[in-house]
Amino acid sequence: MQSISVSIIDFNGRENTIDCLKSISESSKDDFELNAVVINNFPQKKLDLPAFSNLKIKIIENEKNLGFAGGQNVGIKYALANGADYILVLNNDTVIDKNLVSELIKAANSGIGIIAPKIYFAKGFEYHKDRYKKEDLGKVFWFAGGKMDWNNVIGHHRGVDDVDHGQYDKEEEIDFASGCAMLVGREVFEKAGLFDGKYFLYYEDNDLCQRVRKTGFKIMYSPKAFMWHKNAGSVGGSGSSLQDYYITRNRMLFGMKYAPLRSKLSLIRESLNLLLSGRPWQKKGIGDFYLGRLGKGSYE
């Protein structure tokens, strides 16, 4: 019987984590074992979670905040050391459909490196809350597969803000999966490595996907597996200073590693403009990239 471990980071978001674990505990488990490892990335407070009778949970207390990349690596290493065949990397601010794990497992085969589900905004967490009819809520896309615009070094979520009318119901290869939810096989981590801790937060998922693709594995989107995301529930909302810092810095790190030469030159020009006229944390992010201050960097 296959063993699947769900790896979740908690950063002072206990109620979200409990909701997420409850949905995992209610998952259909026909032919596999399912357990969860929760990494507490908020060392100021010990994480206390309720027990779920049908879900084994391991809590790991980090001594410091390792970010998404480092925190998930702790969970992944624990899962691999304890015999996991697959690891489901999952945000704690999510709720999964009861068949999500089983549908992801059905989609897995030896040629697929990472499998991403269909992800909706949780009700009330949409970017444009007044745009939708009441009956559309819970069916608004947050992610229906990732596509890269290499000319501008920007990753796009297909379908974002659109209501699901079946337009993204085809299982197909995509450019990247979101770290919000991705199923990864043991062999993939063994060949491509874990998340790169230099990113700390943001772009570490796309970096992993590019390395996985280079090993010959595919990144696939499986629409029969679906879930809901309380968008930006752990980082203070979209457009925060935290996002300004890490997205700006890490886009440079990612782009200079993977983008074509012309795009790299454009990134350098753009970075110089941001140093002059960007928002304060964008300026700091660019400065830290050039100074090599990676990982957690200067953000406080």
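Visitor: How many salt bridges does the count come to?

Guide: In this predicted model, the count comes to 16 salt bridges. One of them joins the side chains of Lys 230 and Asp 19, with a distance of 3.2 Å from N to O. Lys 230 lies in the loop between strand E12 (218–229) and helix H6 (241–258), while Asp 19 belongs to helix H1 (residues 14–25), so this pair ties together parts that are 211 residues apart in sequence. Lys 230 has a relative accessibility of 14% and counts as buried, because the cut-off for that class is under 20%. Asp 19, at 35%, is partly exposed.

A second pair that links distant parts of the chain is formed by Lys 257 in helix H6 and Asp 207 in helix H5 (residues 204–214), which are 50 residues apart. Their side chains meet in a salt bridge of 3.2 Å, N to O. Here Lys 257 is partly exposed, with a relative accessible area of 41%, whereas Asp 207 is buried at 0%.

Lys 106 is exposed, with 63% relative accessibility, but Glu 103 is buried, with 18%.

Finally, salt bridges can also form a network: Lys 118, Asp 164 and Asp 169 are linked in this way.

Key
Residues numbered from 1 in each chain as written. Predicted model: local features only at pLDDT ≥ 70, side-chain atom pairs only at ≥ 80, totals over all residues. Heavy atoms only, no water. Salt bridge = Lys/Arg side-chain N within 4 Å of Asp/Glu carboxyl O. Helix = DSSP H or I, 4+ residues; strand = E, 2+ residues; numbered from the N terminus. Buried < 20%, exposed > 50% of the residue type's maximum accessible area, 1.4 Å probe, protein only.
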